[in-house]
Amino acid sequence: MWLMMLAMAVVVLGAPREQICGYDKCPTGKPDMLNVHLVPHTHDDVGWLKTVDQYFYGAKNDIQRAGVQYILDSVIDELVKDSSRRFIYVETAFFWRWYLQQDEQTIATVENLVNEGRLEFIGGGWSMNDEACVHYNAVIDQMSLGMRTLSDHFGTCGIPRVAWQIDPFGHTKEQANLFAQMGFDGLFFARIDYDDRKRRINDTDMEMVWQADHNQDLFTGVLYRHYSPPPGHCYDVNCNDPPIMDDSRLRDYNVEDKVNNFIDFAKNKSKAYRSGHIMMTMGDDFNYQDANMWFKNMDKFIKYVNARQSDGETVNLMYSTPSCYLKALHDSGLVWPTFQDDFMPYASDPWAYWSGYFTSRPAQKGYIRKSNNFLQVCKQLSAMFQTEDTTAKPSRVDLLRNAMGINQHHDAVTGTEKQHVADDYVQRLSEATESCRGAVNDALVRAGLPPQTFCNQLNTSTCHVTERSSKFVAYVYNPLSRSVSPWVRIPVAGQSAIVVNEQGATIDSELIPIPAEVQDLPGRDSTANVELVFQASALPPLGFKAYYVRVFSYGTASQHASERPGLQTLSNGHVTLDLDPKTLRLGRMRAGNADVKVDQNFMWYEGYGSPNNTPWQPQHRPSGAYVFHPKGRAKPMKATSVVTLDGALVKEYRHTFDMDWVSQVTRLYKDEPFAEVEWMVGPIPIEDGVAKEVISRFSSAINSTGTFYTDSNGRQMMKRRRDHRDAWTLNVTEPVAGNYFPVNSRIFIKDADSQLTVLTDRSQGGSSLASGQLELMLHRRTVQDDAFGVGEPLNETEFGVGLVVRGRHWVVVSDPADAPKLHRDLAEQMFMAPQLSFAPAPMMTMMQWLSSTTVKQFTGMRPLPANVHLLTLEMYKPNQLLIRLEHQFQADEDPVLSKPVDVNLKDLFTTLNVTSVEEFGLSADRPLKDINRFHWDHMRSNRLPTSFRSPASWADRGKNGENDLLTVTLNPMEIRTFVASYQSP
């Protein structure tokens, strides 16, 4: 309920004070000296060892001494005492909760400190999001939530200028690209590969210009010593370093030793950097609960170090911020090195590759992805039907927006938190989703539908409203900006059924038996024994169709897929699958001109670790929540049986294996260009004391050599080479874990003739360990903590046994030239899946339903071009919409779809008439015209950009170009953000 204090805060703020913050107010340093920028900071995890609430209030200090409210209370008191002091804060979710609890005097004090630049917001997101396991859509949403909150209430001085990703475990190219489009002048982070760090320190390459996209650069700096203070100089209640004892009469007087130690460290550190400025991070996790300890010692420190200047010392200390440090680097006029790759995976030592968290807690990762899907549905419908009051905070949409923002945190979606914290994250999502369903329900009622029921457990083939009703109406909503024809699977209990569409026609449908392994899931409470399958043809963009369903307790076998003996070939008119008679597994896949021998199998790695917590040497570090550390090669499982189901709409192979906790269905839908592989893993047994990490491996005849491709946060495709890094010579100590990369949506291999692409329904770790191979890690269960802080093994249980996880892969073989339009289209469909809802109709016949006034079809917008995605549609402010349009193709991926494209916003939506638009930065916190980023001279270019966004040349624009104010042009991989005024038609 803390957000409900927002209205009071707005009133208290009143008229804004004069804003005197900005680069001009930064300390300038001294020429011909080593200027040390002391940056007081705290790193406050939005959940990790304790829940969000426990961290904020300082509860459960037996787990970790940490209370965010005390940090902010204490820091504000100390900043007021001395105008030279500065402090940065990062996690907007925590800050905003604290701010809304303050009295009028404190609010005025905070506003004054922000306006003077002494309290500066850095990063600005609702959380400091992870970079490996997050989808770009969720990153944009959570950054926009935090930055808009700050901008709306503090104006220009509340807008962060520097991105601050000091704790995520590796860094992606797409994240840097998004930061550039949000208007950040630079980025600082701490975690990079141990070997890369050594090389960069030796080559003075710790700061660079990251070329994150073909037209987006971002200055990037790597912190020298994590984000901690120099050794011996932590002055916090959580630290044991001695304070500065400056009474010369004391036996423990230590000023000279402290100053000498610091100066030596600063000079040594400066050798790794190119300018006469370095940054010292003065803080750590949950520091400054007693800010007086820090500031009192830093005040003395600055005094005594700078006093040495009269004796010829060339070190100059000052309170500063990352943005002021960045300005000093910009003003230096240096030419900077460049970087074009990414910083994945992260290794902290030769045997500690942090690639396990790419998969850790796969059920949670899947739930976060589904919740984001529903958030987009909720935002779209509440905007189109105006269900939410944008002046009332929090709205029902806000609750899910906030929960999703917290779940992007780098110890949430990563699965690297304690179990009770993971439970809290999921509970927050569940409660917020239920709130947003109220908004969706209201919108659908306004559209002319009866109140809807949603099914929360379709992942277990459970839906009480459909399995307990003989007559119901299913509504299928399409959140995409183009027409699609998805396949719908509804659990029912019956022998036959009919499905009638909005025009009164009975459409083809089939009843497919629910696999025994699913029916026997621990905790499953369902009478459904079959799934009703039909195609929702030609769903309109941002629209829905209704389907009347009647289920009968009797019927003939004609509607059921038939079980066929022997090893059968399956074909759906587009894809053909053959089994290998020796292995019983998939052996060949054909589609169009592509004909690929491919074997798909489950395997598992034995991870290091002992359930007895036996001490270990570094080369035997246990696999844990963070680290993937296998003892050797993956061990294959043996397919023990295969059953073929053959229907007119759906054809399936159903496999069981010698390890009875793994099963799989390989499925073809009529005329679809992919094979769906529905896998189920668990409970993974660890009674033998062995950590197990389960993979699905595809082995093909494709001559991919050592090259494969993974997506970067669901957007750019990154070229990977086995046992190789572009920036340094890789020391191959972990040939498996060191070649694992994050996969958010797809991974592929190719040669001149064929491409094999696998699309995922959640973030997973993936690799290609041999030519022609792809593998994705599905689930993992470990027996010992990996000693990186979480303090417990990754051991998820539910209903008294290990957690069972069920998910999907879409597998595509194609000509490489056709692959981009296939995998980009399918990835979008996988990510923005249709939303199902239901209305029981126990007393209504089909004819009564058809003749009723209930709306049976709705179209929300004109379809966009095939290469354009409506990334965002939501309410912005009263009478304003937030619209983001995205070009989905990279340059040169497709001869047609990679070209610039025009979109006209006029009459785009059926319930809203856009009358005018203003372009904003990607985070939607300020107009694009107000963003003026630093230009950085670098070794690959001397050109000066004329604007923040480099538009296509007029020759590349469509014939309308942007002469029409409501027509916008999108270049390859470009996202453009607009705040639109509208009228209801």
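**A924 sits in a loop between two strands.** In this predicted model, A924 is found in the loop that links strand 46 (913–920) to strand 47 (967–970) (strands are DSSP runs of E, at least two residues, and helices runs of H or I, at least four, both numbered from the N terminus). Its phi is near 60 degrees, a positive value in a residue other than glycine. A924 counts as buried, with a relative accessibility of 0% (buried is under 20% relative accessible area, exposed over 50%, partly exposed in between; 1.4 Å probe, protein chains only). Residues are numbered from 1 along each chain as its sequence is written. Local features need pLDDT of at least 70 and side-chain atom pairs 80 or more, while totals for chains, interfaces and linings use all residues; side-chain values use heavy atoms, without hydrogens or water.

**R361 is another residue with a positive phi.** Here you can look at R361 in the loop that runs from strand 12 (352–353) to helix 12. Its phi is about 55 degrees, although R361 is not a glycine. The relative accessible area of R361 is 3%, so this arginine is buried.

Helix 12 covers residues 362–384 and helix 14 covers residues 419–446. On the helix 12 side, the residues taking part are Q364, Y367, I368, S371, F374, C378 and L381. Their partners in helix 14 include A422, Y425, V426, L429, T433, R437 and V440 (contact means heavy atoms within 4.5 Å). Sorted by class, the residues of this contact are 14 nonpolar, 4 polar and 1 charged (Asp, Glu, Lys and Arg are charged; Ala, Val, Leu, Ile, Met, Phe, Trp, Tyr, Cys and Pro nonpolar; the others, Gly among them, polar).

I76, L79 and V80 of helix 3 meet T109, V110 and L113 of helix 5. By class, that contact holds 5 nonpolar residues, 1 polar residue and no charged ones. Helix 3 spans residues 68–81, and helix 5 spans residues 104–115.

**F95 is one of the most connected residues of the largest nonpolar core.** That core has 218 residues, and F95 joins V36, Y288 and F909 as those with the most contacts inside it (a core is a set of buried Ala, Val, Leu, Ile, Met, Phe, Trp, Tyr and Cys residues joined through side-chain atoms within 4.5 Å). With its neighbours within four places in sequence left aside, F95 is in contact with L72, Y89, V110, L119, F121, L150 and F154. Another core, of 27 residues, lies apart from the largest one, and V465, A474, V530 and F831 are among its members.

**Helix 11 is largely enclosed.** In helix 11 (residues 322–331), 7 of the 10 residues are buried, so the rest of the structure largely encloses this helix. The buried ones are P322, S323, C324, Y325, L326, A328 and L329. Just after helix 11, G333 takes a positive phi of about 75 degrees.

**L567 lies in a loop and is partly exposed.** L567 is found between strand 20 (562–564) and strand 21 (570–571), and its relative accessible area is 38%. Not counting residues up to four places away in sequence, L567 touches L579, D580, P581, L584 and V642. The C-alpha atoms of L567 and C324 are separated by 68 Å.

The bond from K393 to P394 is cis, with omega near -5 degrees, and P394 lies in the loop between helix 12 and helix 13 (396–407). The bond from G682 to P683 is cis too, with omega near -5 degrees. P683 belongs to the loop between strand 29 (675–681) and strand 30 (691–700).

Definitions and conventions. Axes are lines fitted to C-alpha atoms, for helices over the stretch in contact, and angles run from 0 to 180 degrees between N-to-C directions.
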